[in-house]
Amino acid sequence: MPDDGGPRFAHVPAAMQQVPASVRQWLIVVAGMIFFMIVIGALTRLTESGLSMVEWRPVTGWLPPLSDAAWQAELQKYLSSPQGRLVNRDFTVPEFREIFWLEYIHRLWGRLIGLVFALPLAWFWWRGALTPYLKPRLLALLVLGGLQGAMGWAMVASGLVDRPSVSHYRLAAHLLLAIVLYAYTVWLILELTPGGVRRGDAKTARKATALIAFLLVVLVWGAFMAGLRAGTAHSTFPDMSGYWIPPGLFDLSPAWINLFENGTTIQFVHRWLAKLLVLGVLVMAWRAPRSETLAAAGMAFVQLGLGVATILSGVSIPIATLHQAGAVLLLTTLLVVRHRARA
């Protein structure tokens, strides 16, 4: 309508209508905590600390052992587990503490995320600061967070029965759910960002969506590598111990199971999926050279370099941790590309 001198009204997304800036700032804090949780999880896995706590007490388990007797009791529980009996049967209390504290911090940080999310959510809800668009989405995040805690214990429990390691399938599910929680939180932050760019580029939006889905697949095979310690099976690049197609790819029967349980095959698949992902991000940036697509391309190169460094270093703990963090940062850039490409 022509300007008649009256007030102007701008159409804004439903997520932004009447939502105070403090809601977005709160979600930024939550996303940062989830990102840090993923990094702690990588360290816990790489140091094999995840099985040091053999009980799950969601309400009362936030206190660590506070006396020598309590530490001895905790150590005896651990020594009765498969990892304690078969791998670390000579552990003393000081040695046990080294792996206990990391898993303890991992679980404690998860509880803190729950509190930092649930208490402000209740406050904003009571104050009427949330729109009908946000309420069901934030409740979904709350439920997913609770499921993530249960999934974490299900993963740990798989290593407390008859083998000194967790199921790599449950490890992948635990990581994937954490990634989904992070991605959904970041998406809501983007929705609540005032003055966000909208390019109306449907082709780039579809490409970004496909690349995000493909990245999740790469992450699953990365988790399989971690769970089966397949990263040390071949420590050369670009070949695999001198082979482009290494022997042993189909040692297991039936043949399809090699994709999920053969360390050599899993590393081979993860390598090539990662290369295809980087190529896809580069093509997207070439077809639509904008700040956000170029940032995604740069992060894809960094992530590929971290993956190669992880292999060549024999899975160095600091480098492997950075590699997992890099995957989350690459996902973040792709989410920004997807969001800005919308109409």
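Modeller: Begin with burial: a residue is buried under 20% relative accessible area, exposed over 50% and partly exposed in between, with a 1.4 Å probe and protein chains only. By that rule, buried residues make up 45% of the 343 residues in the protein chain. This is a predicted model, in which local features need pLDDT of at least 70 and side-chain atom pairs count only at pLDDT 80 or more, while totals for chains, interfaces and linings use all residues. Residues are numbered from 1 along each chain as its sequence is written, and side-chain values use heavy atoms, leaving out hydrogens and water.

Biologist: How many helices and strands are in the protein chain?

Modeller: Helices (H or I, at least four residues) and strands (E, at least two) are DSSP runs, numbered from the N terminus. The protein chain has 11 helices and zero strands. Its C-alpha trace spans about 85 × 55 × 35 Å along the principal axes. Contact means heavy atoms within 4.5 Å. Of the contacts between residues at least 6 apart in sequence, 78% join residues at least 24 apart.

Biologist: Which residues of H2 are buried?

Modeller: An α-helix has 3.6 residues a turn, so residues three or four places apart point the same way. In H2 the buried residues are Trp71, Glu74, Leu75, Tyr78 and Leu79. Viewed down the axis of H2, these buried residues fall within an arc of 140°, so they line one face of the helix. The arc is that of the directions from the helix axis to the C-beta atoms. The partners of the buried residues of H2 are helix H3 (82-86) and helix H4 (93-126).

Biologist: Now pairs of helices. At what angle do H4 and H5 pack?

Modeller: Two packed helices are described by the angle between their axes and the distance between the axes. Axes are lines fitted to C-alpha atoms, for helices over the stretch in contact, and angles run from 0 to 180 degrees between N-to-C directions. H4 and helix H5 (residues 134-157) pack at about 165°, with axes 11 Å apart. Angles under 35 degrees count as roughly parallel, over 145 as roughly antiparallel, 65 to 115 as roughly perpendicular and the rest as oblique. H4 and H5 are therefore roughly antiparallel to each other. The residues that make the contact include Phe117 and Trp125 of H4 and Leu138 and Trp153 of H5.

Biologist: How do H9 and H10 pack?

Modeller: Helix H9 (residues 263-287) and helix H10 (residues 291-312) pack at an angle of about 160°, with axes 8 Å apart. That makes H9 roughly antiparallel to H10. Among the residues in contact are Val278 and Leu282 of H9, and Ala297 and Phe301 of H10.

Biologist: Last, the backbone. Which residues does a cis peptide bond join?

Modeller: Most residues other than glycine have a negative phi, and most peptide bonds are trans. A cis peptide bond joins Phe237 and Pro238, with omega about 10°, and another joins Ser253 and Pro254, with omega about 0°. Pro238 is in the loop between helix H7 (202-227) and helix H8 (258-261), and Pro254 is also in the loop between H7 and H8.

Biologist: What is phi of Glu48?

Modeller: Phi of Glu48 is near 55°, a positive value in a residue other than glycine. Glu48 lies in the loop between helix H1 (21-46) and H2 and is partly exposed, at 35%. Val315 is not a glycine either and has a positive phi of about 65°. Val315 is in the loop between H10 and helix H11 (317-340) and counts as partly exposed, at 23% relative accessibility.
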